[in-house]
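Me: I'd like to learn to read a model like this one. Please take me through it feature by feature.

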Amino acid sequence: MQQKNRYIRLAADLQSDSIVDGPGLRAVLWTQGCAHHCKGCQNPQTWDFNGGGLVEIDEVLKAIDELEYQTGLTFSGGDPMFQVEACNEIAEYAKKKGLNIWVYTGFTFEEIMKLNEKNPVYREFLEKIDVLVDGRFKIEERDLSLLFRGSRNQRLIDVQKTLSSNKIVLLNEYEYNESKYFERIPMYV
Ligand code: SF4
């Protein structure tokens, strides 16, 4: 019998070579399914909740094992929050392997905390995330000069500081760099 939540619906295989979905060389998990339907979305093919393909989570974990030089894993889509259980499991694994975690979502941080009132797995997922890029893409606020996001309403949230202080703390990019999230810490030095 298949276990529950052991599959994730993906739009593509794990991408291993992104330099635009967060700092450094990153892997990207393109989740399938998004209900936000933002005007001007770059990936409308990822909206369909029956599109893409169902992939065993263990297959994703194996692909993560094969990463060598990547500093982090980014969850994008689609919207990873629609498959929060699976993403939480994958993030837990990636985090233990030393990858930093970025997540792109159309929900705002505040909306996710509301969802968490009904299902605490949202917070469990947040506890593994370094940076959340939150909010829907708003074409009227589109700005090509923004770092790692498409429209001005979207925020780069330092999730751990936000959770511990109970107020939104935006990413301090200098501190983030200094704390070497951009580099993978060598296992043996
Ligand atoms: S949240 Fe992201 S994937 Fe979903 S419609 Fe908006 S831009 Fe597209």
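This is a predicted model: local features need pLDDT of at least 70, side-chain atom pairs count only at pLDDT 80 or more; totals for chains, interfaces and linings use all residues.

Me: What classes of residue make up the shell around the ligand?

Reply: Start with the sorting rule. Ala, Val, Leu, Ile, Met, Phe, Trp, Tyr, Cys and Pro count as nonpolar, Asp, Glu, Lys and Arg as charged, and the others, Gly among them, as polar. Here the shell has seven polar, four nonpolar and two charged residues. Of the 13 residues around the ligand, Cys34, Cys38, Cys41, Gly106 and Phe137 come nearest.

Me: Which helices and strands does the chain have, and in what pattern?

Reply: Helices (H or I, at least four residues) and strands (E, at least two) are DSSP runs, numbered from the N terminus. The chain has six helices and eight strands. Along the sequence they run β-β-β-β-α-β-α-β-α-α-β-β-α-α.

Me: Which residues of α2 are buried, and what do they pack against?

Reply: Count C-beta atoms, placed from the backbone. With 20 or more others within 10 Å of its own, a residue is buried; with 12 or fewer it is exposed; in between it is partly exposed. In α2 the buried residues are Val84, Ala86, Cys87, Asn88, Glu89, Ile90, Ala91 and Ala94. They pack against β1 (7–10), β3 (26–30), α1 (57–65), β5 (72–76), β6 (100–104) and α4 (121–126). Over the whole chain, 40% of the 189 residues count as buried.

Me: Is Tyr181 buried or exposed, and what does Tyr181 touch?

Reply: Tyr181 sits in the segment after α6 (173–178). Tyr181 is buried, because 22 other C-beta atoms lie within 10 Å. For contacts, two C-beta atoms, placed from the backbone, must lie within 7 Å. Leaving out residues up to four places away in sequence, Tyr181 touches Asn100, Asp130 and Tyr176. The C-alpha atoms of Tyr181 and Pro23 are 8.5 Å apart, though 158 residues separate them along the chain.

Note on methods: Residues are numbered from 1 along each chain as its sequence is written. A residue is near a molecule or strand if its C-beta atom, placed from the backbone, lies within 6 Å of it.
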